[in-house]
Number of protein chains: 2
Amino acid sequence: MAIREKRRGPTIWKRCLMAKLLPSPSLPDFDPAHLPGRRVQLGTSAPLKLDCGGSLSNYWVSYQTYGALNADKSNAILICHALTGDQYVAENHPVTGKPGWWEILVGADKVIDTNKYFVICANILGGCMGSEGPRNINPATGKVWGLTFPVITIHDMVRAQKALIDHLGIAQLFLVMGGSMGGMQALSWAALYPESVFSCAAIATSPRHSAQNIAFGEVGRQAIMADPLWQQGDYLKGLDRPAAGLSVARMAAHITYLSESALQRKFGRRLQDRSAVSFGFDADFQVESYLRHQGESFVDRFDPNSYLYITRAMDYYDLAEDLGHGNLAKAFTSSPTRFLVVSFTSDWLFPSTESRTLVKALTGANANVSYVDIESDKGHDAFLLDEPEFHRQLAGFIQGCEKGRAGGAKGRRDDNTTLPSSFRPSVSSSLPEELQLVADEVPSGTRVLDVGCGDGTLLKWLIDYKDVRGFGLEYDRTNVKNAVAKGLGVIQGDATVDLSTYPDNAFDVVILNRTLSELTQPLEILAQLRRIAPTVIVNIANFGHWQARLHFCWLGKAPKSPSLPYEWYNSPNIRFCTLDDFRNFAKEGNMQIKKSIPLNGAGRPLNTLLAKHANLFASQGLYVLSR
Amino acid sequence: MAIREKRRGPTIWKRCLMAKLLPSPSLPDFDPAHLPGRRVQLGTSAPLKLDCGGSLSNYWVSYQTYGALNADKSNAILICHALTGDQYVAENHPVTGKPGWWEILVGADKVIDTNKYFVICANILGGCMGSEGPRNINPATGKVWGLTFPVITIHDMVRAQKALIDHLGIAQLFLVMGGSMGGMQALSWAALYPESVFSCAAIATSPRHSAQNIAFGEVGRQAIMADPLWQQGDYLKGLDRPAAGLSVARMAAHITYLSESALQRKFGRRLQDRSAVSFGFDADFQVESYLRHQGESFVDRFDPNSYLYITRAMDYYDLAEDLGHGNLAKAFTSSPTRFLVVSFTSDWLFPSTESRTLVKALTGANANVSYVDIESDKGHDAFLLDEPEFHRQLAGFIQGCEKGRAGGAKGRRDDNTTLPSSFRPSVSSSLPEELQLVADEVPSGTRVLDVGCGDGTLLKWLIDYKDVRGFGLEYDRTNVKNAVAKGLGVIQGDATVDLSTYPDNAFDVVILNRTLSELTQPLEILAQLRRIAPTVIVNIANFGHWQARLHFCWLGKAPKSPSLPYEWYNSPNIRFCTLDDFRNFAKEGNMQIKKSIPLNGAGRPLNTLLAKHANLFASQGLYVLSR
């Protein structure tokens with residue numbers, strides 16, 4: 001498909017910094033052909049078909065690579081950049097001179113380790129850093145595209161990237177990842193080319209642009225188009241640029257990248273180089289000065305028309321509709337890709353709810369998905385910043401994917417059953433006895449959800465030895481990371497809220513292991529479990545144990561026993577229930593007890609004699625419930 | 001102070017609609033002197049001193065009134081309008097023809113009942129609907145003010161309103177209220193003129209403009225100033241207006257008035273009059289079309305320079321700093337005003353946290369404050385919309401204030417002790433026996449916080465009969481409304497979160513009546529109570545009662561008794577504790593039990609014999625704890 005490829009190194013940086021050399025105005029007038037890095041002309045034999053109905057021939061794609069491609073071309077990671085990003089991920093930017101936008105994550109011995117991986121990042125179609133976009137020359141006319149450039153979509157961007165990856169001879173990317181609009185591209189990759197994407201990390205993103213985000217996009221476009229210097233996009237013919245309009249667009253957008261608390265922390269109401277307000281319209285406050293700087297410096301490196309096209313592509317993004325499914329889950333049906341979805345609690349541009357919608361669809365499609373909502377006050381920009389918890393989770397996911405591709409743990413049953421057992425990973429086959437009893441009740445080859453899965457020990461065993469298609473739901477982020485690092489698909493969340501997002505009969509078996517007494521609304525939870533799976537396995541602590549009774553009755557103090565050593569005011573158990581109570585509870589929840597196994601403090605079944613008085617002698621009870 | 005006053009009725013509306021009659025452009029070029037309603041020139045004898053150091057003489061204030069002022073001028077309510085509002089609160093707008101912006105709330109038999117109250121609303125200083133602002137004629141020069149108009153503050157606006165109220169001969173306003181920037185004015189009123197403000201409702205507002213809001217203000221100003229037609233504010237000399245810049249400013253601001261969920265609900269990704277996207281930059285989506293309309297229609301009625309001045313005044317607003325206290329609580333020390341603070345859960349322009357900061361300061365100043373966070377998905381605009389819960393709370397507050405001014409319940413001790421008992425309200429003196437026992441332990445004249453105060457029955461009694469300065473904290477909004485309607489100061493909130501906002505020793509006595517067992521973290525709560533008051537009165541349910549023990553021990557089921565009739569899985573009590581447990585708990589919390597009264601199921605003290613075995617026979621225990 002490609003006919004020419006040029007490589008230019010940093011030696012010619014100076015020629016690229018034409019923006020700095022041009023007398024006026026300060027807009028990106030550097031020649032894209034002279035930017036450092038790789039550049040390839042694609043679509044020469046077969047044009048790129050676009051969603052708008054048009055097509056592009058002989059289009060340029062500028063890209064950067066880091067690390068070396070291995071012999072079997074299996075170590076490639078594609079990074080997709082966001083709205084105002086570009087291909088300079090892990091090196092100083094040729095125009096601004098600032099460090100690469102994801103240098104914190106990408107490099108030798110970093111989370112995305114360029115000693116191990118071949119990292120690719122291409123300037124998007126419609127961009128202004130070399131790839132075909134409105135400020136390039138239309139090869140058909142020899143004139144600048146301007147507004148004659150076709151309106152492109154996120155899928156179009158991805159199709160151009162696919163042509164690049166084909167050109168590089170890479171059949172499958174180990175990982176496609178991106179944040180914000182980069183995450184949209186990563187999702188489209190997985191939806192359009194599932195076999196080419198082993199794993200996919202979609203960070204701080206959404207499967208569709210929300211009404212609020214379209215509104216912000218529109219404000220930015222109107223600011224640019226309201227600038228008389230925009231001249232219907234035809235400004236490149238002269239020297240004047242709609243810098244004021246672009247600057248206002250950037251200022252408005254920049255607020256959405258932060259959070260109120262981040263702004264408060266960084267600037268508060270502090271004044272800029274003055275001790276009192278000026279009673280005028282100068283930038284009295286630091287936050288004003290900062291925003292003005294953001295606006296002004298942006299116009300040095302970005303093309304106003306590109307801003308229109310890219311924001312439009314984001315507005316048009318609706319993964320469910322774009323692929324004609326009308327249903328997000330269908331976009332990922334039978335996807336072989338492993339997904340990591342990450343959101344940040346203070347991100348209000350792509351809030352956690354958007355990620356949860358995506359995760360719900362992925363679980364509905366039975367895809368292998370892990371999700372974590374990172375506690376952060378840094379807003380949307382958190383994905384670009386030093387956010388160690390995010391980096392830990394991503395590292396865990398990559399580790400799990402490495403194991404997975406090495407033939408280890410599988411999230412999906414279908415890529416497991418065909419493996420001969422000799423190929424199975426060498427994990428210890430021994431589970432703690434209490435977990436083994438639970439595991440024994442799970443039929444082979446079923447779809448399993450482990451609610452409160454901890455670090456995934458049980459789940460991993462079930463996948464490895466019982467060929468289940470297993471997922472976890474876990475509140476604690478460290479547990480989630482450890483489980484994900486095992487290659488498991490785990491959703492970080494709260495059972496009280498998140499169980500309701502699973503569709504009816506999403507699973508064959510749900511496991512609730514020693515979690516019931518920690519839940520505020522056990523009956524509501526049971527109803528959810530019943531809805532999403534016909535079989536529910538529950539393990540509860542028995543407060544009816546004779547020691548607890550004695551403690552309460554004789555001493556007149558809240559029940560305590562060797563296996564329930566907490567004080568009433570700090571116990572994780574907020575719901576007290578005996579084995580007899582549980583029978584009524586199951587009835588109340590419209591469930592039948594198919595099997596009950598009273599256990600002692602060590603998690604072993606009681607002997608037959610004691611089992612006859614289980615409510616007095618059992619420390620726990622294991623139940624298999626069915627509808 | 002006033003020399004002239006004109007009154008013009010709706011008969012001259014047509015003359016005011018000059019904007020519609022002018023051939024071009026569509027900007028508010030109607031003559032402010034010809035707008036319907038009242039108008040008065042103030043500052044003729046003594047000029048208005050401004051925060052910037054300048055002053056204004058002979059300035060106009062345009063205002064509207066509804067209802068009639070009573071003989072003793074005690075029924076006046078001042079409504080302060082927000083950034084883009086004006087004096088046309090409860091009548092069709094003379095330019096847009098739309099209903100008054102708070103007509104839903106103000107009118108005959110409405111929450112602000114114009115049959116009872118004389119309602120005043122003045123166009124703010126710096127506005128563009130008649131009051132002195134940048135588009136008026138500077139009387140000193142005979143030319144349009146433009147940017148020579150002094151930069152004003154919220155306090156300056158309030159000072160001009162005070163001059164109007166003085167002109168009307170009103171010594172004390174029954175209520176000053178406003179939302180958003182109107183709330184800022186209401187707070188400034190209470191801080192600057194405490195004796196003139198009987199009550200104050202600050203809605204969806206903040207005691208200081210946040211960094212994020214300054215940032216949005218700056219974007220709006222930059223959008224206007226980037227428009228070449230703005231001409232350094234001197235556009236009124238010609239026919240061209242910076243309509244595009246003002247429109248972009250309005251579009252950006254308008255997003256902040258809504259919420260993501262409101263936008264999703266109203267527009268989602270629905271298209272505007274088309275079945276497929278256009279692959280262009282038209283308004284494909286309904287939300288784009290809506291925003292464009294908001295921008296375009298705004299320029300018909302608003303002056304771009306006014307927009308600069310008013311947003312600047314908001315940015316400058318910091319009540320703590322403005323009054324030189326550096327401490328918000330000091331701005332309200334010994335305030336005789338009753339406050340209602342209202343926020344809306346989905347308001348991200350003035351989020352609930354801002355209101356909580358304000359409430360914390362007001363409680364720190366021992367002011368009579370009530371607060372409620374209204375559950376709403378309508379965003380900031382909720383204060384203008386049909387939000388029945390908000391209207392109910394406001395009605396309850398007004399009712400409480402009416403009772404208060406009639407000589408009823410008092411939030412502050414000092415305005416009570418001087419009243420002879422014959423003037424006291426005729427409330428029933430009988431409390432339920434159980435509450436009476438609690439009330440008996442509260443010393444007269446103390447500062448009391450009732451945590452989980454319910455509908456305020458106990459608190460009201462304590463204020464009326466024991467001269468306490470009492471406040472409540474209550475989670476349930478209906479309870480809050482009923483308590484506030486009694487004239488009590490009640491904060492709607494969650495003890496687990498909100499107790500920490502009270503300063504050390506904020507109270508003499510804290511009451512925690514039958515709430516402890518419903519709290520997830522009782523020990524942490526006890527530590528907070530201990531911190532904020534030297535004396536804590538607690539009433540707990542006794543799970544050690546013989547019936548509960550028998551139920552547990554004999555039947556092997558979770559404790560139940562006639563006074564604890566719940567199932568283990570749906571009980572409001574999530575922490576089980578016996579009287580013996582409580583003794584250890586108090587010790588663990590570093591508190592001494594000064595007094596303990598075991599009670600039976602009817603809330604009466606046990607007889608001496610049974611009291612010796614309280615842990616077996618008491619249904620509840622009443623404790624007085626001290627540090």
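**Figure 1. Helices α5 and α6 of chain A, side by side in a predicted model.** Here we're looking at helix α5 (residues 211–226) of chain A and helix α6 (residues 243–257) of chain A, whose axes come within 7 Å and cross at roughly 165 degrees. Angles over 145 degrees count as roughly antiparallel, so α5(A) and α6(A) are roughly antiparallel to each other. As for handedness, α5(A) and α6(A) make a right-handed crossing.

**Figure 2. Helix α12 meets helix α15 in chain A.** This pair is made of helix α12 (residues 388–405) of chain A and helix α15 (residues 477–485) of chain A, with axes 7 Å apart and an angle of about 25 degrees. Angles under 35 degrees count as roughly parallel, and α12(A) and α15(A) are therefore roughly parallel to each other. From α12(A), the contact takes Glu389(A), Arg392(A), Gln393(A), Gly396(A), Phe397(A), Gln399(A) and Gly400(A). From α15(A) come Arg477(A), Lys481(A), Val484(A) and Ala485(A).

**Figure 3. Domain 1 touches domain 2 in chain A.** Where domains 1 and 2 of chain A touch, domain 1 puts in 15 residues and domain 2 puts in 18 residues. Which helix gives the largest share of the domain 1 side? That's helix α3 (residues 154–167) of chain A, with 5 residues. By class, the domain 1 side of this contact has 12 nonpolar, 2 polar and 1 charged residues.

**Figure 4. Chain B against chain A.** Now let's bring in the other chain: 68 residues of chain B are in contact with 68 residues of chain A. On the chain B side, helix α5 (residues 211–226) of chain B gives the most, with 11 residues. That side of chain B divides into 40 nonpolar, 13 polar and 15 charged residues.

**Figure 5. The axis that relates the two chains.** Turn chain B by 180 degrees, with a shift of 0.0 Å along the axis, and it can be laid on chain A with an RMSD of 0.1 Å. That's the relation of a two-fold axis. The same surface serves both copies, as 100% of the contact residues of chain B recur in chain A. Which residue of chain B comes closest to the rotation axis? Look for Ile574(B), with its C-alpha at 2.6 Å.

**Figure 6. Helix α18 of chain A packs with helix α18 of chain B.** In this view, helix α18 (residues 546–555) of chain A and helix α18 (residues 546–555) of chain B have their axes 9 Å apart, at an angle of about 155 degrees. α18(A) and α18(B) are therefore roughly antiparallel to each other. The crossing of α18(A) and α18(B) is left-handed. Arg549(A), Phe552(A) and Cys553(A) of α18(A) meet Arg549(B), Phe552(B) and Cys553(B) of α18(B). Their contact has 4 nonpolar, no polar and 2 charged residues.

Methods: Residues are numbered from 1 along each chain as its sequence is written. Chains are lettered from A and ligands numbered from 1 in the order in which they are written. This is a predicted model: local features need pLDDT of at least 70, side-chain atom pairs count only at pLDDT 80 or more; totals for chains, interfaces and linings use all residues. Two residues are in contact if their C-beta atoms, placed from the backbone, lie within 7 Å. Helices (H or I, at least four residues) and strands (E, at least two) are DSSP runs, numbered from the N terminus. Ala, Val, Leu, Ile, Met, Phe, Trp, Tyr, Cys and Pro count as nonpolar, Asp, Glu, Lys and Arg as charged, and the others, Gly among them, as polar. Copies are superposed by least squares on the C-alpha atoms of residues with pLDDT of at least 70 in both. Axes are lines fitted to C-alpha atoms, for helices over the stretch in contact, and angles run from 0 to 180 degrees between N-to-C directions. Angles under 35 degrees count as roughly parallel, over 145 as roughly antiparallel, 65 to 115 as roughly perpendicular and the rest as oblique. A crossing is left-handed if the near helix is turned anticlockwise from the far one by less than a right angle, and right-handed if clockwise.
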